Amino acid sequence: MAMEITQVLLAAQSPDGQVRTAAESNLKQFQEQNLPHFLLSLSAELVNEQKPPESRRLAGILLKNSLDAKDSFRKEQLTKQWVTVDPAIKSQIKEALLTTLASQVSDARSTASQVIAKVASIEIPRKEWQDLIGKLLANMTTKETPASLKQATLQSLGYVCEEVSPSDLEQDQVNAILTAVVQGMNQAEHGFEVRLAAIRALYNALDFAQTNFENEMERNYIMKVVCETAVSKEPEIRQAAFECLVSVASIYYGVLEPYMQTLFNLTANSIRGDEEQVALQAIEFWSTVCDEEIAIQEECAGADEGNSVLHFRFVEKALHVLVPVLLETLLKQEEDQDQDDGMWNLSMAGGTCLGLVARTVGDAVVPLVMPFVQANITKSDWRSHEAATFAFGSILEGPSVEKLAPMVHNGLDFLLSAMKDPSSHVRDTTAWTLSRIFEILHSPSGTIIDQSNLPKIMTVLLESIRDVPNVAEKVCGAIYFLAQGYEDAGSASSVLTPYLGNIITALLSTADRADASSNRLWSSAYETLNEVVRCSNIPENANMIGQLLHEILKRLGQTMELEIVSTDDKERQSNLQALLCGVIQVIIQTLNGSEESLPVILQSADQMMVMFLRVFACHSSTVHEEAMLAIGALAYTTGQEFAKYMPEFYKYLERGLQNFEEYQVCSISVGVVGDICRAMDDKVLPYCDGIMSVLLKDLSNALLHRSVKPPIFSCFGDIALAIGEQFEKYLPFVIPMLQGAAELSTQIECTDEDTEEYVNQLRRGIFEAYSGILQGFKNAKADLMLPHAGHLLQFTEAVFKDKNRDEGVTKAAVAMLGDLADALGPNLKLLFKDCTFHAEFLGECFQSDDDQLRETATWTQGMIRRVLVS
Amino acid sequence: MAPPPDHRRPIKRAAISDQQRRREVALRLQADRRSDAQNRARQLASSVLSLGPEPATEPEVEPEQEMSEASGQLAGRSDLDPVRAARLRGPEVRKWFARQLLLPEWMVDVPPSLDRDWYVFPRPSGKRCFVVSSNGTTISRLRNGSILHRFPSNLPNGARTKDVSGPASSYSILDCIFHEPDETYYVIDMVCWRGYSLYDCTAEFRFFWLNSKLSETGASDPPSQYHRYRFNVVQIYECNLAGLQASYSGQVPYVKDGLLFFNKHAHYQAGNTPLALVWKDNVCSQYVLDTDSKGQIPSQQQVVLELQNDGNLTTSDDPPVALGSLSRDLIAQSGLRVGNLVRVAIKDERMRLVDGKLDLGELQLVGKTNHSRAFADTYSKVLFQHAARHAPLRIEDLVASIQSNSSMDNSQALDVEMEG
């Protein structure tokens, strides 16, 4: 029996905090004590037309939250709960939900349609609630159905399509849904609300329409209706229709050809004259066509001629008319568009699309855009000048360097002088264009920047970095990419040496600016500093980088003095510490590359470590990710010396390892354990009991994000390699974990790329763990691994046969085979004779293009041969 | 204003996001360093293992001095933990490398199946050394562990150039002879290549790998700024009549110093091994008979031996062979200490083989050897030198051995045929 809970639901929305809290805890108690009745009562509330809309609304939300959650673990729990509810009660709830679709109250209808979809997402894959679609469709075919019910029904169908996977519905169900939806779009029969619900439902149903799109007649019909809908009188409906066309372009690119002329006219008219929301979707249609063609070209680049991928070159064919349409949009800027990084309007969408067009067709775009640039760039009104610059900046990626270099060469002086233009819009876009030029076209061997123009470029950049914050941020980007052009350039990076002092000074004072509205400018300044450090010539500039290290450490010290009142203050402090620790990390990595500069870090190691510990100390609940990363770099650099920091550092390391909620912190801490093992070797032994127990607990924790598990396994290998035979005592715990994970990895169903990648990472971690253990035990305790050799070979064989195996796993598996043969020697003779897959596996590796893999395989082959002849 | 659609990145959004990059770099470095650490364990472990069983009878505690002066004797390697060995510095490196070279015995008898199981090649005259390329530099070390050259080369990771594949710390080790007249390293064996040990591979495989890999690197190119010395392979022959003939009297671009014989199936074994042999006569070598410290061939055979604490003089074999002794008085008188290498002269007529063992008879102390010398003579060398003065093993003997082998093979093959 459903319980009367109206009052509690209303109380739970009371402005009086005490009343609210009491009601919330009542609801919670009810939910925990008797979930089926709780759900039933909620559905009874939702369906009851006599009840106030407020209580019905909350009832619907609570129902939805009892069926679905963002967190995947919680979601799984909720699914299990629902599945176990008494079928009779479930059927009452579902009946109530379907009835609610006919409610007079639109809020109740709309909530019910969402809850229906959530129930469907659990039940339909389990082949339950098979009459749902039929019942919903019945609402559509009955003549006297009121428009409100039709609208709610279409909404439900749309949500159901969004929630369930195409494989869970039968084709006749899909056909019926599409028919209902397409009929709902009929302008003559239906009013605005039904038609809007119908076109939105179609958007979600497109994924299901594979078969229908393969049939020319059905496809023609669907496309005709959508194109008609795209010129409806209501802009919301036109927008939704264009959204459908965007989706069609992405899912069904291969069948678009007969419709392209119509689609071009529709989109061009819309981009030129329709309301912004509609025009943006029309631009998005072309951006999506570009995405598809870029993907096809990338796919073809590696394949032979005449492969089966259809490439219609729609963009190339439409180029002469499309580019002018897009160029027009660039002139439709908004006054405040530079203030917000995520700003999206006609000009931004047009420039973005133009950039994609350039990447799709390459050189062919240049002659169509350059006249616009030349005609507008010297005009005095900011819109023309900005649009011309934006157009030029947008087409820098895609066309060949040969095509672009002369124009960039000729235009560079003009661009540099435009950094003094009165309009900040012009300066903003000019600075962005400079950064694109450096990013895409500049390299040490290129001709864009040379000794003749570098001094002028540097002067302009160092002056403009003092411009308003949004321009200064773009200038940071320009410096970032200017520096990046000299990365790994060896002695060529000396070119920057004369400017390095001024660049560092300018970036440090930019990071200090008080006029920035958000901390984006500081972060750009510090992140640019990182790149400048990475690309500076070492040891030439080791001393200067050393001085920078002192300055950064000083600044890090100052963050501890900041007055912290609000959570905003706290966040600001934490962000600043992150940026500063990031710079220190980069400095360590840069200076430890050469023997001459190494002492600079070693001299400051104590000071750095003190600072990192203070950063940890000022955050009570968590450890700082960036400080952790920096410590990993420091440990690697100091080697065994790191032992002296361990007593103080250990508690923070442990805290990081325990932080499974913030899985990235956990993951980074696990990585740092590896750094420390390699630095300290067996000196890490006293800490291993603690580290191992936290890691083992993490692995047993169902809430731990799965991405942390593979690094934990690799980390077992790091520890075993460092402490050798002392790892023996952990073996009884570690081996079952590894075997369990190995088994799991063969059971997980790889339905998508993410899962595929995860399984590969997991296996790689498992192999690395075994490699570390085998190597660590080799001299004294190898026999301990003998009982596991059979399992290991079986697992390796299973991995070998998996067609989703990636090269990282292959390498780790082959290396582990060699370690196994090396460590256990003649003991394995029979095993290796019995299982013959290794020959085939090694044979495959010898075919690889990867030198390292081939050489690992050679080594492993040697090890196995030694066993076989023993 | 609405935000852009989910998957659409505005072109003008600032492109720099360094944090993710830092995270990725850190992860990549960790992965590289893990694989470096594991590879290091792999290569060194296999090389240390290949040094053969640890001497079981060795006392637990040995005087420090003996350990460090353990010239030529291969004891003391058990203290080398494989992982640690990678981190050795300075003198320890010298000691470690001093024990790594394969040292051929001198050929005093012709081994059976020379033509089936052996390779032969003319040995270039010059300094035997290990060449190690790693971390952007190349170092050659002489047999005593001291450095001959430090230079950039086209070997993998042998110079600070950008186009290297694999981690910069992975190293390659070649067994070479540095030939002064054309300043060329002649590579006679390959021990490690790009971090992977070839110790446990047969000579057949090592030579194959050497020939195919070295040419990929451009190490045989003429010297240039980043490639100070040229590395050449020597032509290796099957030890049949034609191969022996070509090695013995064929033209080579270097000065010959005897012939080297390698057993095809033997692994690279550090220290003295009978599976590699050296043989010389006056035709293929200018230095058949040992010279004294002044470069003259003495009238009596001289031998370098190591003084043990019981006064015995021993060879550098493992285990060492005592060939005579010095009296305590003489030791005290000449200021010799345990572990010193001493040069002694043999009075020819007194030297004879008794029950297959060499008896040197009375020894005459000539003096201490100079410091650069790391090893005493081996037993086989003493024998070879003795034979060279009295009844040398001649090229005709080698030829005869091969001929008799092949005729035996033929008769065996014939037998099989007849049975069938």
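What share of the 870 residues in chain A is buried? And how does chain B touch chain A?

Analyst: This is a predicted model, where local features need pLDDT of at least 70 and side-chain atom pairs count only at pLDDT 80 or more, while totals for chains, interfaces and linings use all residues. Residues are numbered from 1 along each chain, chains are lettered from A as written, and side-chain values use heavy atoms, without hydrogens or water.

Start with chain A. Buried residues make up 57% of its 870 residues (buried means under 20% relative accessible area with a 1.4 Å probe, protein chains only). Chain A has 41 helices and 0 strands (DSSP runs: helices are H or I, at least four residues; strands are E, at least two). The C-alpha trace of chain A spans about 85 × 75 × 70 Å along its principal axes.

Now the interface. Here 49 residues of chain B are in contact with 80 residues of chain A (contact means heavy atoms within 4.5 Å). The two chains bury about 5,500 Å² between them, and 52% of that is on carbon and sulfur atoms. Buried area is the accessible area (1.4 Å probe) lost when two parts are put together, summed over both.

Charges meet here too. The rule finds 6 salt bridges across the interface (a side-chain nitrogen of Lys or Arg within 4 Å of a carboxyl oxygen of Asp or Glu). B:Arg8 forms a salt bridge with A:Asp291. Their closest N and O atoms are 2.8 Å apart.

Which elements of chain B take part? α1(B) gives the most, with 18 residues.

Note on methods. Buried means under 20% relative accessible area, exposed over 50%, partly exposed in between (1.4 Å probe, protein chains only).
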